[in-house]
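The sequence and the structure come before the discussion.

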Amino acid sequence: AMAAAMSLVLFASQLPIPKFHRRSEFACLIKENEYAIYDGAVEFFTGKTVLAKDYGQVIKEYQLLGLAAKRATYQGKSFMVGALARLNINHDQLSPQAKKVVKDLQLEFPIHNTFYNVLAQAIELVHATEIAGELLKDLVKNLKPEESIAKKINLIAKANPKGKTTIGYSVMEAPRGILYDMLEIDRNGIIVKADIITPTVQFLNNIEQDLKVYLPNLKKLSNQEREQKIKTLIRAYDPCISCATH
């Protein structure tokens, strides 16, 4: 598995990376002594840290007429989430092998070239493979049978153990970036309100801001060449429009 991950890094590092620079805001999860994926607080590159329950105070969602996907801004501006954002903020917490890759490639952070997101994804595969190996070793050594605690809880509608209105928040890193979820459940266990902010919703505006800077450099190209360059930039973000229509 590690050999495959390293091969992907080698391939990604040899891809031609267009010259491009635009200072973006970045955001990702942070957690002490860990390359945060499943929990933690959200940190923006400019330094602001936000708890999951407070995301609505800083991430502003809105809808554009005629478009299915929502949009989101931070302090009224676009921002980027995903592999490059995570490396820019958390590169010091990468696994040893991933750190060695960064050193061998002579990468210096922060990187403000969006096209490097592809290489960042490959580096994260090295990190994930190494961490997964350590976790598997720990499981083999320490795994014990566990009894589900669900039997000990008096669930209402198998959803709400409190029997009253409850609001829950969660935030984690999906491959494309931060994923926010909020659910409000009434005393009968019925969901009465829900909110999901996908990574694509968050970086859609940033794609457009990148294109505004990138397009003037493509004036001398043919329409076909220009279209291909635009697609390359968009795909560097790895957007998922279908999952952005919540």
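Does Ser78 count as buried or exposed? At 15% relative accessibility, Ser78 counts as buried; buried means under 20% relative accessible area, exposed over 50%, and partly exposed in between (1.4 Å probe, protein chains only).

## Basis

This is a predicted model, in which local features need pLDDT of at least 70 and side-chain atom pairs count only at pLDDT 80 or more, while totals for chains, interfaces and linings use all residues. Residues are numbered from 1 along each chain as its sequence is written, and side-chain values use heavy atoms, with hydrogens and water left out.

## Ser78

Ser78 lies in the loop between strand 5 (70-74) and helix 3. Helices (H or I, at least four residues) and strands (E, at least two) are DSSP runs numbered from the N terminus.

Apart from neighbours within four places in sequence, Ser78 is in contact (heavy atoms within 4.5 Å) with Arg22, Glu25, Asn205, Asn206 and Gln209. Of these residues, Asn205 is 127 residues from Ser78 in sequence, yet their C-alpha atoms are 5.3 Å apart.

## Helix 1

Helix 1 (residues 2-13) has 12 residues, which should span 16 Å at 1.5 Å a residue; its end C-alpha atoms are 16 Å apart, in agreement. The expected span is 1.5 Å times one less than the number of residues.

Ala5, Val9 and Ala12 are the buried residues of helix 1. They cover an arc of only 70° around the axis, which puts them on the same side of helix 1; the arc is that of the directions from the helix axis to the C-beta atoms. The face turned away from this buried side carries the exposed residues Ala3 and Phe11. The buried residues pack against helix 4 (96-104) and helix 5 (117-142).

Helix 5 has 26 residues and reaches 36 Å from its first C-alpha to its last, close to the expected 38 Å. Its buried residues include Leu119, Ala122, Ile123 and Val126. Helix 1, helix 3 (83-90), helix 4 and helix 7 (223-237) are among the elements that cover the buried residues of helix 5.

The axes of helix 1 and helix 5 come within 9 Å and cross at roughly 165°. Axes are lines fitted to C-alpha atoms, for helices over the stretch in contact, with angles from 0 to 180 degrees between N-to-C directions. The two helices are therefore roughly antiparallel (over 145 degrees). Residues that meet across this pair include Ala5 and Val9 in helix 1 and Ala122 and Val126 in helix 5.

Conventions
Angles under 35 degrees count as roughly parallel, over 145 as roughly antiparallel, 65 to 115 as roughly perpendicular and the rest as oblique.
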